[in-house]
Amino acid sequence: MSTPITVREAVLQLLRAFRMTTVFGNPGSTELPLFLDFPHDFRYVLGLQESVVVGMADGYAQATRNAAFVNLHSAAGVGHAMGNIFSAHKNRTPLVITAGQQARSILPFEPFLYSAQATELPKPYVKWSVEPARAQDVPLAIARAYYTAMLPPRGPVLVSIPADDWTVLTEPVAPRAVSTAVRAEPALLARLGDALDACERPAFVIGAAVDRDGAWHEAVALAERHHARVFVAPMSGRCGFPEDHHLFAGFLPAMRERIVQLLGGHDLVFAIGAPAFTYHVEGQGPHLPEGAQLVQLIEDPAVAAWAPSGTSVVASIRLGLQDLLARPARAARPLPAPREPRPQIAPPADGERLSVAYVLQTLAALRPRASVVVEEAPTARPVMHRHLPMLEPQTFYTMCSGGLGHSLPAAVGIALARRDAGDPARVIALIGDGSAMYAIQALWSAAQLVLPITFVILKNRRYAALREFAGVFGYKPEDPVAGTDLPDIDFVKLAEGQGVRGVLIEDAHTLHDALTLALRSDRAVLLEVEVS
Ligand SMILES: Cc1ncc(C[n+]2csc(CCOP(=O)(O)OP(=O)(O)O)c2C)c(N)n1
Ligand SMILES: [Mg+2]
């Protein structure tokens with residue numbers, strides 16, 4: 001028997017062992033006992049609303065490739081966090097979320113702030129949730145939560161902890177080595193490899209799991225070996241292939257018929273770390289072009305289970321690609337035709353509003369090559385695909401969920417992780433005016449942490465994506481779309497009110513000069529860019 005210690009001390013020991021000494025949180029009375037005598041080797045990162053807390057933690061976890069630790073207030077705090085917990089689930093981001101709970105002794109009396117079904121509240125968007133039956137079991141629950149979050153497919157987990165548990169005496173829990181990657185079943189992987197060797201015109205569809213798993217270079221090597229044309233999967237939250245590569249063929253939209261059309265002529269489609277496929281609108285007909293076979297390498301068994309056809313190998317992406325690269329290379333196929341070069345956009349005429357294309361082209365020219373783009377600007381995304389190519393691993397992030405309010409705080413978490421790692425990469429947050437307002441308090445955290453993030457707000461004064469989408473549901477072009485106007489939001493003032501310098505940009509000269517300065521600044525700067 002080891003000497004008993006408090007639940008608090010046992011949990012802190014585990015968090016140190018798991019390299020989770022940064023606490024992303026927003027505190028309430030039920031959480032205060034955890035931080036009595038706040039340990040000097042821990043850091044508390046305050047978010048002013050729980051969705052900001054989880055968004056920052058998500059960015060931090062993705063950039064460090066380790067689970068991030070989150071502490072939320074009981075029912076209401078978890079409720080505020082839910083949107084970004086959903087996104088973390090879709091992003092496959094490992095998060096150990098702890099939530100406060102009322103003291104056990106008063107639970108029978110339905111106390112103030114009590115979370116009645118604390119473990120049900122975050123479902124189905126956590127991999128596991130628990131309120132340990134005994135206070136003494138809290139450290140064991142934290143250990144299991146960490147390993148569960150880190151095992152593929154990764155994701156958030158939640159531990160609900162009654163406020164009186166922290167001072168109870170318990171046994172320390174020793175950290176263990178638990179596998180965080182899975183190797184493919186050899187026979188099935190060989191079948192996939194044989195199909196790849198036998199085909200004549202392969203297309204690769206690269207999903208978010210490629211970059212997430214650190215498999216960028218393996219994906220490039222395999223595409224080069226097979227002379228495959230390489231597409232990015234619909235709604236991919238990460239970039240796993242250089243968008244200036246001669247084999248790069250573009251982005252698949254989340255529409256069945258368009259996917260089939262774009263993949264037309266290929267006899268094998270290899271979905272790598274991607275679902276086959278993510279759809280946003282109804283579609284008809286086949287999921288693949290005539291004569292094409294589907295093969296998939298995916299870390300998530302559930303995604304393998306719903307693929308419409310073909311062979312799905314469940315494994316960690318990097319290990320799976322390494323196993324495919326270890327096979328003997330077949331004779332080279334002819335190289336596919338390269339993509340058309342990117343069009344150049346002329347600056348706006350005098351008195352004309354800046355176009356998003358021109359803004360992004362300017363950003364592409366001025367940004368350092370290794371800078372990180374964190375995007376949430378729905379109608380700017382296809383424009384970004386044309387004018388702002390991602391060139392390096394771990395330089396593009398958005399959410400895979402479609403839930404707005406993720407990327408502004410995620411940019412803060414990513415910048416914090418890069419600084420912790422001594423990496424000077426510049427983080428650029430490219431955010432729509434609508435999207436920015438779901439989590440605008442993240443600016444305050446960026447200022448407090450003195451992070452040199454360049455926030456670019458694309459201000460078109462509307463939810464443009466919804467206007468564009470309305471046609472799908474039978475709106476005529478002249479029909480008004482209720483609830484999509486965003487007049488009178490002053491982002492410069494919103495930034496300055498939270499300690500971030502703000503600059504209004506209405507013309508090409510100011511854009512160039514302000515962007516140049518912002519990208520060199522040692523503090524966060526927000527550029528409010530008026531776009532057409
Ligand atoms: C949490 C959440 N609420 C609502 C939506 C629906 N939605 C999708 S796109 C969009 C508009 C986003 O506006 P903005 O960021 O200004 O980008 P724009 O469409 O103008 O390019 C909205 C509200 C969503 N995806 N997520
Ligand atoms: Mg907008």
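**Figure 1. Protein donors of the magnesium ion (ligand 2) in the predicted model.** Three residues supply these donors: Asp433 through OD, Asn460 through OD1 and Arg462 through O. The donors lie 2.1 to 2.2 Å from the magnesium ion. Along the sequence, the donor residues follow the spacing D-x26-N-x1-R. Aspartate 433 and arginine 462 are 29 residues apart and link distant parts of the chain. Aspartate 433 belongs to helix 14 (residues 433-436), whereas arginine 462 is in the loop between strand 18 (454-459) and helix 16 (464-469).

**Figure 2. Accessibility of aspartate 433 and arginine 462.** Aspartate 433 has a relative accessibility of 3% and therefore counts as buried, since buried means under 20%. Arginine 462 has a relative accessibility of 37%, so this residue counts as partly exposed; that class lies between the limit of 20% and the limit of 50%, over which a residue is exposed.

**Figure 3. The second largest pocket and the residues closest to its centre.** The space in this pocket amounts to about 350 Å³. Its lining is made up of 20 residues, and the closest to the centre are Arg65, Arg154, Thr180, Arg212 and Asp213.

**Figure 4. Helices and residue classes in the lining of the second largest pocket.** Two or more lining residues come from each of helix 2 (50-64), helix 6 (208-212) and helix 10 (317-325). Helix 10 gives the largest share, with three residues. By class, the lining holds eight nonpolar, four polar and eight charged residues.

Terms used: Residues are numbered from 1 along each chain as its sequence is written. Chains are lettered from A and ligands numbered from 1 in the order in which they are written. This is a predicted model: local features need pLDDT of at least 70, side-chain atom pairs count only at pLDDT 80 or more; totals for chains, interfaces and linings use all residues. Side-chain values use heavy atoms; hydrogens and water are left out. Donors are N, O and S atoms within 2.8 Å of the metal (3.2 Å for Na, K and Ca); water is not among the atoms, so sites may look incomplete. Helices (H or I, at least four residues) and strands (E, at least two) are DSSP runs, numbered from the N terminus. Buried means under 20% relative accessible area, exposed over 50%, partly exposed in between (1.4 Å probe, protein chains only). On a 1 Å grid over the protein atoms alone, a cavity is a set of points where a 1.4 Å probe fits but cannot get out, and a pocket is an open set with protein on both sides within 12 Å along at least five of seven lines; lining residues have an atom within 4 Å of a point. Grid points are joined across faces, edges and corners, and a volume is the space filled by probe spheres set on the points. Ala, Val, Leu, Ile, Met, Phe, Trp, Tyr, Cys and Pro count as nonpolar, Asp, Glu, Lys and Arg as charged, and the others, Gly among them, as polar.
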